[in-house]
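This report goes through selected features of the structure shown below.

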Amino acid sequence: MRVPLSWLTEYVDPGLSAEQLADVLTMGGLEVEAIERPTGGTRGVRVLEILDIAKIEGSDKLHLVHATDGDETWEVVAGASNFSAGDKVAGALPGAVLQGSFEVGRRKMFGHTSNGMLASARELGVGEDHSGIWVLDDNAPVGADVTELLDLDDPVLVLDVTPDRGYGLSLHGLARDISALTGAELRLPASQAPTGDPGVPVTIADPDRCRRFDARTIRGVSVRPSPAWLQRRLAAAGMRPVSGIVDATNAAMLETGNPIHAYDLALLTGPAIEVRVARAGERLTTLDGVERALSTDDLLICDAGGPIALAGVMGGEPTEINPSTSDVLLEVANFTPQTVLRTARRHGLHTEGSKRWERSVPPESAPLAATRCAQLITEVAGGSVVGGADHYPSPPARPVIRLRTQHARSRLGVDLDPSTQASLLERISCTVVPAGEDLDVTPPTYRPDLLVEADLHEEIVRVHGYARVPTRVPSSGQVGRRTPEHEARRAMRRMLAGGGWTEVMPFPFIADADIDALGLPDADRRRGTVPLVNPLSQEEAVLRTTLVPSLLRVLRHNVNRQRADVAVFEIGHVYLPPTEDDPGADGGPEQVTLPAEPQVLGLAACGAFEAARHDSPGRPADLHDLLGAVDLVRDAVGRAPVAVTPTDEAPYHPGRAARLALDGAELGTVGELHPRVAEAFEVPPRTLVGEVRLDALLDGGIRPRVAAVPSALPPIRFDVAVVVDEDVPAADVADAVSAGAGPALAECALFDVYRGPSVGEGRKSLAYRLRLEDPERQLTDADESAAIDGVAASVEARVGGMLRR
Amino acid sequence: MSHAEGGTTHATEPDRLRDEALQAIASARDLDELDEVRTRHLGKRSGLAALQRTLGQLDPDERRKRGQAINAARTALAEAEAARRAQLEAQRDQVQLAAEAIDVTLPPRTPARGRLHPVHETMEAMLDVLTGLGYRVAEGPEVETDWHNFDALNTPPDHPARSLQDTIYVHRLDGSTQLAEDGPTGVLLRTQTSPMRIRAMQSSQPPLYVAVPGRVYRSDTPDATHLPMFHQIEGLAVDTDLSFADLKGSLEVAAKALLGEDVALRFRPHFFPFTEPSCELDAFYAGRWMELLGAGMVHPNVLAAGGYDPDRYQGFAWGMGVDRMAMLRHDIADLRLFIENDLRFLQSL
């Protein structure tokens with residue numbers, strides 16, 4: 001809502017600056033987003049009367065104009081010729097400034113001196129019209145300063161009105177609130193019931209949706225532009241001036257909040273009005289020139305021939321005000337919010353009118369809107385009001401709300417006694433009747449939003465002032481904390497960042513084509529994507545079931561920007577069809593099925609994991625960096641190392657991927673992308689990805705660590721080298737070594753892998769450093785020999801290996 | 001005469017040897033030379049050692065005197081040698097360490113370093129404040145029912161927020177794919193963390209103090225100030241006597257903890273369907289009032305939807321934007337940086 005200040009202060013004038021008034025409104029719940037001066041800064045422009053116009057020889061468009069300011073005659077060259085002798089125009093004489101920036105001077109054109117210029121509406125900032133000179137109305141006083149005459153420096157308050165405060169979309173409503181909040185006197189015009197000939201008969205076939213219909217007839221109008229002051233105000237309020245009659249309906253709407261429509265009475269069939277829903281197959285061409293097929297849910301205004309307007313949304317083209325209109329039928333009706341909302345949405349027609357209906361317009365505002373509009377029309381378009389009728393079949397009962405004053409005090413935390421509460425409500429025109437300690441409150445008709453006790457609490461504290469409510473910090477009586485799972489996740493994230501992994505945050509949307517590109521098998525659960533009804537794009541059409549595609553997109557984005565070394569992770573949800581073991585959240589009263597939303601760790605890397613330095617070459621990322629990340633994560637939450645086994649599944653390189661498990665439960669996979677998958681996602685060869693379900697690792701939070709007490713007795717250290725077949729996994733060898741070394745084993749670390757002639761073709765040698773410790777007794781050479789013998793026996797039995805001695 | 005002469009000769013010989021040795025010590029140019037000097041003048045074959053060996057030939061009185069003189073000379077020489085040795089060692093170290101100097105201005109060596117996402121870190125910082133205020137953190141599903149997201153939060157059936165222009169809907173998982181007339185399916189990506197209010201009330205009894213962090217979604221095209229995915233933290237406090245004054249106090253201390261104790265704040269009336277009275281909290285930041293969060297006293301209808309008796313319990317709730325707070329913390333002007341995942345951006349934080 002754009003509010004020209006001069007217009008608002010006609011109804012209430014608290015004597016405040018625009019900034020102060022904006023503050024009052026904002027702190028009263030009607031937020032002023034900006035104060036603009038759209039026509040400000042114009043100086044030295046005066047009303048001139050055209051004396052004569054002549055074409056300039058040798059020019060197609062230019063005219064030589066003589067105009068007077070009452071004292072002097074000025075010669076001006078004009079490009080337009082949409083005016084004639086006797087017209088009043090805005091003359092920017094030499095030295096004048098337009099909109100604070102453009103200074104007008106003298107110019108020579110085709111041998112004539114132009115003393116300044118004649119201004120268009122756009123040059124004055126009043127409107128968009130630049131097709132000709134702005135012709136002012138006839139009674140503009142010649143020689144007057146246009147800035148003063150049209151109040152061009154008038155500030156405009158730009159309000160963001162919340163959906164509950166429909167009255168904030170009217171000058172009268174705003175004036176009421178300003179009066180309530182400042183105590184300044186309210187000066188609203190009085191309404192008049194229609195008198196005289198009732199005129200066109202009106203039938204309300206659907207009184208549930210059309211609660212009131214005030215129709216007034218005005219005869220003898222002439223259609224012409226409205227006076228400059230009205231055009232200026234409408235433009236400042238954000239509405240395009242059209243003609244005196246249409247402008248009057250808009251102005252009356254801005255003032256009262258009640259949308260109004262004017263019909264050319266001569267074009268109405270009957271004439272008779274019926275308000276009803278559309279019949280199947282009916283069509284209407286609306287004012288915007290679009291022929292619309294109507295829904296049987298659309299409420300219509302019809303004449304005897306059929307639809308003439310979409311109720312509350314837009315009028316019809318065939319009956320619109322046109323240059324030859326002389327008699328007008330004004331429709332000042334009342335429609336319920338839902339009917340207008342549905343029709344506006346269905347036809348994609350959101351108008352100044354529908355915006356107001358959607359926020360509920362009280363039926364009681366119709367007579368004043370009709371009175372004001374009719375009066376404005378006669379003022380700006382001539383004619384006279386010859387009659388009308390106000391159809392209001394069943395005025396709704398006004399609600400009485402019982403306000404428990406003690407409850408209000410308790411909810412607001414302000415010590416306001418019952419009489420103070422009553423007087424605060426009376427300031428917004430509530431009718432208040434005491435009922436013991438409590439109050440029976442009837443809200444004013446302009447506040448249809450006040451329905452329950454809590455609504456009155458807001459009004460009490462709003463008028464009292466939010467700033468005057470004391471502050472108190474309650475004790476929750478409990479220790480605040482995150483859930484153990486949340487703490488565990490945080491520990492994982494920190495550990496990963498410390499280990500060289502950067503956290504990313506892609507959108508959780510992918511395309512089914514991404515799943516295809518990964519080559520996942522048909523039965524894979526990750527193929528059960530949930531499609532969006534209204535996706536942002538086709539590449540983001542479904543909810544992700546895997547983090548991999550979006551991580552690959554992040555990788556590609558960075559590689560394309562010369563960031564070749566990438567190591568990123570995300571901990572986020574995937575959305576999977578629910579199963580018995582993996583259910584979705586409770587679906588509410590209708591038991592709607594919701595997807596399971598497990599937390600997953602996604603990893604992706606390419607390029608160097610260790611960057612090259614002046615003193616060392618870089619090291620490319622490989623599978624073991626991803627396994628390292630998984631190890632950081634399990635270590636962060638105090639779990640034992642995860643079990644790693646090779647896998648040849650999609651989307652991985654069949655020889656460079658691993659499946660992970662914890663205590664027998666599947667965690668996920670990591671590996672190098674299959675070269676064809678890497679190609680499909682346009683990421684570098686040898687790109688690595690991984691995905692680990694976190695439920696098992698997060699469950700129960702971070703496990704407390706159990707201290708290992710170091711032995712005071714010296715340990716024994718020795719190395720063993722185990723020769724095994726090439727295809728024996730290192731983890732199996734390490735297990736065999738550990739098992740054979742006996743109970744005193746404290747550490748077993750692989751320190752060398754060797755292949756060569758001395759171990760034989762198809763064999764490899766794995767060398768381990770072992771440490772034995774026994775806190776109870778001194779270990780001897782005999783213990784070492786026994787351990788080595790044990791390892792030898794164990795590796796032979798478990799992995800078919802032998803010790804190199 | 002000869003006795004006297006001999007006596008003089010005997011008395012000065014140690015001193016002469018001492019002076020000669022002191023001279024040699026002083027002129028030793030390095031530790032090797034000093035070692036040599038030491039052997040020559042203090043060793044077994046030195047003049048002093050030879051003199052010592054002649055002591056037995058002297059009479060007791062003479063022997064005592066000369067013995068004292070030799071010992072004095074030895075002590076003096078040992079001290080001089082030690083002092084010279086310390087001096088020469090220091091000289092040697094100086095030269096040697098100077099030769100070992102490295103360029104300390106070369107870049108430091110660190111393990112590969114990652115970064116945490118600024119939005120998540122801001123969220124955690126905000127949760128630190130709320131847990132400090134006694135709130136417990138709870139999380140809820142991102143795919144929600146329209147009942148939890150709208151109906152239970154007192155949102156009218158025709159409310160524009162429910163439209164496809166504002167809300168991202170998903171198809172039903174049970175296979176019934178037919179849409180309502182203008183699109184909504186009853187299943188959506190939550191537009192706010194507020195539906196978790198209902199879930200929290202349904203799962204526990206008052207007093208209830210919960211903070212709900214999470215992702216929320218709107219049908220917005222990304223631009224500098226809008227993303228289709230962003231983050232909120234929802235707070236809910238319900239007990240028998242909580243008031244608007246408690247709301248103001250709690251949010252004031254939380255805002256000051258985040259923005260500094262001196263920050264100017266104002267509570268301004270606003271509208272939300274699920275709170276009444278409602279407000280927004282603004283902070284005066286970088287020369288203008290900036291909206292921090294929306295809040296209000298929980299609407300009785302919402303308490304009832306959560307299974308609480310609105311005549312017995314009352315409380316307040318709020319929802320604050322995390323992404324915007326992260327923009328403030330790191331002086332970021334464009335929200336899209338958060339989702340572009342450019343490492344040059346992420347690793348600068």
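## Cis peptide bonds

B:Pro207 sits in the loop of chain B that runs between α7 (195-203) and β4 (208-217). The model is a predicted one. The peptide bond between B:Pro206 and B:Pro207 is cis, with omega about -5°.

Chain A has a cis peptide bond from A:Ala650 to A:Pro651, where omega is near 5°. A:Pro651 belongs to the loop between β34 (643-646) and β35 (652-662) of chain A.

## Positive phi in chain A

A:Gln562 is not a glycine, yet its phi is positive, about 65°. This residue lies in the loop between α15 (548-560) and β30 (566-573) of chain A. A:Gln562 counts as exposed because 7 other C-beta atoms lie within 10 Å, and the cut-off for exposed is 12 or fewer.

A:Arg686, also a residue other than glycine, has a positive phi near 70°. Its place is the loop between α17 (675-680) and β37 (688-693) of chain A. With 18 other C-beta atoms within 10 Å, A:Arg686 is partly exposed.

A:Ile218 is part of strand β14 (residues 210-219) of chain A. The residue has 28 C-beta neighbours inside 10 Å and therefore counts as buried, since the class begins at 20 or more. A:Asp327 is 109 residues from A:Ile218 in sequence, but the C-alpha atoms of the two are 5.8 Å apart in space. Beyond its neighbours within four places in sequence, A:Ile218 makes contact with A:Val328, A:Leu330, A:Ala374, A:Ile377, A:Thr378, A:Gly383, A:Ser384, A:Val385 and A:Val386.

In chain B, B:Ala317 lies in strand β9 (residues 314-321). B:Ala317 counts as buried because it has 26 C-beta neighbours inside 10 Å. Computed along the sequence, B:Ala237 is 80 residues from B:Ala317; from C-alpha to C-alpha the two are 6.3 Å apart. Not counting residues up to four places away in sequence, B:Ala317 touches B:Arg197, B:Glu234, B:Gly235, B:Leu236, B:Thr275, B:Ala295, B:Gly296 and B:Val298.

## Helix packing

Two packed helices are described by the distance between their axes and the angle between those axes. In chain A, helix α13 (residues 484-498) and helix α16 (residues 623-636) have axes that come within 8 Å and cross at roughly 140°. The two helices, α13(A) and α16(A), are therefore oblique to each other. The crossing of α13(A) past α16(A) is right-handed. On the α13(A) side the contact uses A:Ala491, A:Met492, A:Met495 and A:Leu496, and on the α16(A) side A:Ala629, A:Leu632, A:Val633, A:Asp635 and A:Ala636. Sorted by class, the contact of α13(A) with α16(A) holds eight nonpolar residues, no polar residues and one charged residue.

In chain B, the axes of helix α5 (residues 118-132) and helix α10 (residues 322-330) come within 9 Å, crossing at roughly 100°. This angle makes α5(B) roughly perpendicular to α10(B). From α5(B), the contact is made by B:Pro118, B:Val119, B:Thr122, B:Met123 and B:Met126; from α10(B), by B:Val322, B:Asp323, B:Met325, B:Ala326, B:Arg329 and B:His330. The classes in the contact of α5(B) with α10(B) are seven nonpolar, two polar and two charged residues.

## Domains

The domain assignment of chain A lists domain 1 (2-37 + 155-182), domain 2 (43-149), domain 3 (202-391), domain 4 (401-466), domain 5 (484-698) and domain 6 (716-803). Between domain 1 of chain A and domain 6 of chain A, the C-alpha centres are 85 Å apart.

Chain B is split into domain 1 (2-99) and domain 2 (118-346). The C-alpha centres of domain 1 of chain B and domain 2 of chain B are separated by 91 Å.

## Contact between the chains

The contact involves 83 residues from chain A and 81 residues from chain B. On the side of chain B that touches chain A, helix α8 (residues 244-259) of chain B gives the most, with eight residues. The residues of that side of chain B comprise 40 nonpolar, 24 polar and 17 charged.

Technical notes: Residues are numbered from 1 along each chain as its sequence is written. Chains are lettered from A and ligands numbered from 1 in the order in which they are written. This is a predicted model: local features need pLDDT of at least 70, side-chain atom pairs count only at pLDDT 80 or more; totals for chains, interfaces and linings use all residues. Helices (H or I, at least four residues) and strands (E, at least two) are DSSP runs, numbered from the N terminus. Two residues are in contact if their C-beta atoms, placed from the backbone, lie within 7 Å. Ala, Val, Leu, Ile, Met, Phe, Trp, Tyr, Cys and Pro count as nonpolar, Asp, Glu, Lys and Arg as charged, and the others, Gly among them, as polar. Domain bounds come from an automatic or database domain assignment. Axes are lines fitted to C-alpha atoms, for helices over the stretch in contact, and angles run from 0 to 180 degrees between N-to-C directions. Angles under 35 degrees count as roughly parallel, over 145 as roughly antiparallel, 65 to 115 as roughly perpendicular and the rest as oblique. A crossing is left-handed if the near helix is turned anticlockwise from the far one by less than a right angle, and right-handed if clockwise.
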